[in-house]
Every structure is written in C-alpha cells, then in structure tokens.
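Hi there,

Here is the structure I promised to pass along. Have a look at it first, and my notes follow below.

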Amino acid sequence: MTWTAPFRYWLLAVLVLVVAYPLIPGSNPILGQQLVPLVCYAILALGLNVVVGYTGLLHLGIAAFFGIGAYVTGILTVPMFPFQQSFLVAVIASTVIASAVGVVTTAPTLRLRGDYLALVTLGFGLITTFAIRNLDNITDGTKGLNPVSPNLLPWVDDPDLTKFDRPTGWAATWRGYPYFYYICVGLLVLVMWLLRNLERSRLGRNWVALREDELAATCMGLNPARLKLSAIAAGAALAGLAGALYAVSQRTTAGPQAYDFNRSMITLCCVILGGLGSRPGVLVGVFLLLGYDTILTPYLDNQIQLLQINPNGKSYLKVSGWRLFVFGLALIVMMRFRPAGLLPAWRVRHELQPANANESAKPVEPTTGA
C-alpha cells in the first residue's frame with residue numbers, strides 16, 4: 001500500500017464532512033457561504049489541470065474563460081438585458097461559449113509549444129480583461145453586471161423553500177445557502193467523476209502521450225492538433241462552468257480584476273502545489289492556497305483588529321498583506337523538497353524518482369566465477 005492510499009480515505013471523509021456541514025447543529029452559515037467560491041475555484045483548477053497536467057500545455061490565461069463564463073451568465077440573466085434566462089440555460093450557454101472561444105482562439109496557435117504558447121495565452125488573458133473593462137455597454141465596465149439572480153429552471157417558477165427554513169441560517173430561495181452550496185458540491189463531484197473516466201479513456205491516454213513526447217506521439221499516428229484542441233475545449237468548458245457558478249454565488253459578475261492574470265497564476269499554483277495531473281491533488285492545492293486566501297486570512301485580520309494589535313491599519317501588520325509572499329514561499333519550498341506536488345499522479349511521481357532508486361532497491365545477485 002502506498003502512502004497515498006490512506007489519503008484517499010481521508011479525502012472521502014472530508015467530502016462527507018463537506019456534504020454534512022449544513023446539517024451539523026451550530027454550523028456557521030458564513031463559513032458555508034465562503035466555501036461556495038472555493039468549490040468554483042476547484043472546478044476552475046480541474047479545468048486547468050486538463051490542459052497543463054494531462055496534456056502538458058502551459059496555459060496562463062485560464063481566468064479569461066472563467067470571466068467569459070461569468071459574463072455570459074450575467075448577460076443572460078440580469079434585468080438590463082431582455083434575455084432573462086434561467087440558471088440551467090445560463091450555465092449550459094456559459095460552458096459551451098467558453099469552450100467555443102477556447103477552440104477558436106487556440107486553433108491559430110497549435111504549432112506553438114512551451115514558452116511561446118505561454119506568452120500567447122498570457123496575451124489572450126490580458127486582451128479579455130481589457131475587453132471586459134472597455135465594453136461598457138455590454139459588461140458595465142469596472143462595475144460588473146448585477147443582480148445575477150435567475151430562476152432555477154426554464155419556464156418554471158422558483159420552488160417555495162420557506163417550509164424547509166431552519167434556524168441555522170438556511171435561505172428561503174434556491175440561490176441561498178445551503179441549497180446552492182449543495183448544487184456546487186454536486187457539480188464538483190460530477191466533474192471529478194467525468195474526469196476520472198476521461199483520464200482512463202483513449203482520449204486521456206492520448207493526452208498523456210502528447211505530454212510525454214509530441215514527436216513520438218505523432219509518429220505513432222496521433223493527431224496533435226486535434227488532441228490540443230480537445231484539451232483546450234474541455235478545460236475552457238470547465239472554466240466557463242466555474243465562472244457561471246461564481247457569478248450566481250456572488251449575485252454579480254464582479255469587476256474585470258476578478259479575472260486578471262493573478263487569478264490565472266494562483267490557479268496554476270494550486271495545480272502545481274497539489275500535483276500536476278492529479279485530481280485529488282488539485283483539490284488539496286485549492287483548499288490549502290485559496291482556503292488560506294479567502295477564509296483564514298480574513299479571519300486572522302479580524303482577530304488582529306479585535307485585539308487592537310494594529311490600531312493604525314498598517315499593511316505590513318495585516319496577514320492579507322503577506323499573501324503573495326506566502327504563495328511564493330510555498331512554491332519555493334515545494335519545488336525544493338517535493339517537486340511532484342503534495343499528492344502527485346502516479347505517473348509523474350514515477351518520472352521524478354531517481355533513475356537508480358529502483359535499481360538500488362533490488363537485491364544484488366551473487367556473481368559466480370568463470
């Protein structure tokens with residue numbers, strides 16, 4: 001049994017705890033609401049893991065697809081536009097449009113690899129952010145679109161949930177806590193199951209072959225262009241889905257700064273910290289890095305304020321002022337002591353082992369004289 005086997009049971013236990021959290025007496029609704037964006041970021045990181053971890057394409061613009069999904073949902077649901085579509089229609093449209101944009105923008109760059117592809121995707125992310133900021137008539141500029149509060153299903157009135165209201169902060173609408181919380185967790189489990197099957201399918205093995213050696217994969221009859229486009233389409237679709245869920249959870253698309261280069265880099269850090277190509281590892285990376293950023297850091301800042309340790313509000317005495325330093329330090333430590341990530345995929349772990357590790361473990365056969 002490897003060391004990762006017990007971790008899988010711990011991961012299952014954490015999943016059960018997450019599902020049961022709203023039902024626990026005395027559970028804090030505010031913490032439950034803070035977990036919803038984490039689930040959205042987890043789906044976003046899983047989409048990036050398809051592109052970077054499975055296929056080996058260094059993509060630095062995944063936040064652009066995240067923003068496209070959020071703004072498509074906003075355009076289809078806010079009152080300033082005449083569409084007024086439901087949540088189900090908006091989520092499907094966001095997923096499909098983000099995937100289509102990914103295919104269209106990646107098709108001209110299929111011959112690029114490595115650093116060149118990273119620069120092109122970085123430019124795509126920057127262009128998308130500037131477009132969101134400058135298309136005031138569509139995106140409302142830096143303000144963002146709101147309120148994003150669609151009906152659950154098309155042509156069906158929202159269900160009356162007041163009879164399920166609990167004193168622990170349960171909402172009376174499906175968009176409130178914990179109903180939307182369960183929808184997001186259910187979609188995360190569905191995405192994990194789909195990626196597990198996709199990873200073991202012929203397409204998933206072809207992605208890994210392309211990542212290992214594109215020239216050898218081509219000589220074996222694989223079509224690199226088709227494989228790259230399929231990986232980008234899958235990753236962008238998951239990012240669009242995450243963006244749609246994020247917009248509904250926040251009741252707004254937020255401003256363009258929510259989808260800038262920093263979002264792409266933090267998501268990539270989560271994938272690297274957890275382990276490239278590892279689905280459980282990506283979840284661990286998201287909940288450690290972004291859990292620290294969105295839950296632990298505000299909590300510690302509030303405690304510092306309550307204890308009056310920083311009465312003048314100096315930035316260097318705030319935990320949130322050191323967040324990027326902590327991210328960078330975590331990456332340096334990981335690259336030094338555990339380059340494969342906290343929970344690497346078995347294939348990546350095998351590749352990073354020293355070449356003579358297995359040989360030294362083998363028993364030495366006695367030599368016989370001639």
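**What turned up**

Let me begin with helix α12, residues 279-306: at 1.5 Å a residue, its 28 residues should span 40 Å, and the end C-alpha atoms are 39 Å apart, which agrees. Please keep in mind throughout that this is a predicted model.

That helix has a few other details to look at. A kink of about 50° is centred on Gly291 in α12. After α12 comes Gln308, which has a positive phi, near 55°.

Next, the core. The largest nonpolar core has 85 residues, and those touching the most other members are Ile43, Leu46, Phe180, Leu188, Leu245, Tyr259 and Val286. Helix α2 (residues 29-54) supplies the largest share of this core, with 15 residues.

Gly176 is another one to click on. Gly176 sits in the loop between α6 (136-139) and α7 (179-199), and its relative accessibility of 7% makes it buried. Beyond residues up to four places away in sequence, Gly176 touches Ala171 and Arg251. The C-alpha atoms of Gly176 and Val248 are 9.8 Å apart, while 72 residues separate the two along the chain.

Finally, the cysteines. How many disulfides does a search of the whole structure find? The search gives zero. Take Cys269: the closest cysteine sulfur belongs to Cys270 and is 7.0 Å away, which is too far for a bond because a disulfide needs the two sulfur atoms within 2.5 Å. Cys269 is buried, at 11% relative accessible area, whereas Cys219 is exposed, at 62%.

That is the tour; happy browsing!

Best wishes

Conventions. Residues numbered from 1 in each chain as written. Predicted model: local features only at pLDDT ≥ 70, side-chain atom pairs only at ≥ 80, totals over all residues. Heavy atoms only, no water. Helix = DSSP H or I, 4+ residues; strand = E, 2+ residues; numbered from the N terminus. Expected span 1.5 Å × (residues − 1). Bend = angle between axes of the 7 residues up to and from the residue. Buried < 20%, exposed > 50% of the residue type's maximum accessible area, 1.4 Å probe, protein only. Contact = heavy atoms within 4.5 Å. Core = buried A, V, L, I, M, F, W, Y, C linked by side-chain atoms within 4.5 Å.
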